[in-house]
Amino acid sequence: MFKKTIEKLEEELKELWHQLKVVIPRDLQRAAAHGDLSENAEYDEARERKRFTESRVSQLTGRIRDLKGIDIDKIPADRVGLGSIVTLEDLGTGNEITYELALADDVDVDSGKISLKAPIGRALMGRNIDDEVSVALPAGKKEYLIINLKTLHQRDSL
């Protein structure tokens with residue numbers, strides 16, 4: 001789970017380093033060749049792109065470091081935690097829905113990957129099969145029953 005996220009972030013980081021070391025310096029040099037830098041929109045745009053790229057590199061570097069520092073052993077193996085796949089029964093409608101508690105980088109609501117910080121993610125943390133969960137949502141309060149749980153440790157690959 002973390003390996004794929006780290007690989008995705010490292011790939012983006014690699015591309016950003018290429019931009020910083022090759023593309024942006026070339027663009028800055030080309031823009032500077034046009035003369036007066038005080039009124040050179042092309043030069044200003046390249047400098048702004050450089051600042052943005054440097055900022056993003058810093059963000060990604062920190063995020064990768066944080067992800068590599070996650071101690072899998074501290075994630076619960078017997079109850080809902082990061083990486084768990086949880087199937088719920090809506091006690092109001094009887095419908096079933098499945099969520100995966102994902103890292104912020106991997107959130108995709110359409111595919112059921114939700115953040116631990118989402119209202120339902122927070123409500124599920126530390127719970128187990130047969131627990132009833134109450135979630136305050138903008139549309140009103142929802143009641144769920146946890147009917148299936150597969151923790152990060154029970155999944156095939158980390």
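User: Before we get going, what makes a helix crossing left-handed?
Analyst: Happy to start there! A crossing is left-handed if the near helix is turned anticlockwise from the far one by less than a right angle. One thing to keep in mind as we talk: this is a predicted model.

User: Thanks! So which hand does the crossing of α1 and α2 have?
Analyst: The crossing of α1 and α2 is left-handed.

User: And at what angle do those two pack?
Analyst: Helix α1, residues 2-32, packs against helix α2, residues 41-68, at an angle of about 160°. Their axes are 9 Å apart. Angles over 145 degrees count as roughly antiparallel, so that is the label for α1 and α2.

User: What kinds of residues make up the contact of α1 with α2?
Analyst: The contact residues divide into 17 nonpolar, 11 charged and four polar.

User: Let's look at aspartate 27. Where is it, and is it buried or exposed?
Analyst: Aspartate 27 is found in helix α1. Its relative accessible area is 15%, and since buried means under 20%, aspartate 27 counts as buried.

User: Which residues does aspartate 27 touch, leaving aside its neighbours within four places in sequence?
Analyst: With those neighbours set aside, aspartate 27 is in contact with Ala46 and Arg49.

User: Nice. Stepping back, how many helices and strands does the protein chain have?
Analyst: There are three helices and five strands in the protein chain. Reading from the N terminus, the order is α-α-β-β-β-α-β-β.

User: How does the radius of gyration sit against that of a compact globule?
Analyst: The protein chain has a radius of gyration of 22 Å, whereas a compact globule of 158 residues would have one near 15 Å. Along the principal axes, the C-alpha atoms fill a box of roughly 70 × 35 × 20 Å.

User: What percentage of the residues is buried?
Analyst: Buried residues account for 35% of the 158 in the protein chain.

User: And what share of the contacts joins residues at least 24 apart?
Analyst: Taking contacts between residues at least 6 apart in sequence, 56% join residues at least 24 apart.

User: One last topic, aspartate 130. What is its phi?
Analyst: Phi of aspartate 130 is near 75°, a positive value in a residue other than glycine.

User: Where does aspartate 130 lie, and is it buried or exposed?
Analyst: Aspartate 130 is in the loop between α3 (119-124) and β4 (132-137). With a relative accessible area of 60%, aspartate 130 is exposed.

Note on methods. Residues are numbered from 1 along each chain as its sequence is written. This is a predicted model: local features need pLDDT of at least 70, side-chain atom pairs count only at pLDDT 80 or more; totals for chains, interfaces and linings use all residues. Side-chain values use heavy atoms; hydrogens and water are left out. Axes are lines fitted to C-alpha atoms, for helices over the stretch in contact, and angles run from 0 to 180 degrees between N-to-C directions. Helices (H or I, at least four residues) and strands (E, at least two) are DSSP runs, numbered from the N terminus. Angles under 35 degrees count as roughly parallel, over 145 as roughly antiparallel, 65 to 115 as roughly perpendicular and the rest as oblique. Ala, Val, Leu, Ile, Met, Phe, Trp, Tyr, Cys and Pro count as nonpolar, Asp, Glu, Lys and Arg as charged, and the others, Gly among them, as polar. Buried means under 20% relative accessible area, exposed over 50%, partly exposed in between (1.4 Å probe, protein chains only). The radius of gyration is taken over C-alpha atoms; the globule rule is 2.2 Å times the number of residues to the power 0.38. Contact means heavy atoms within 4.5 Å.
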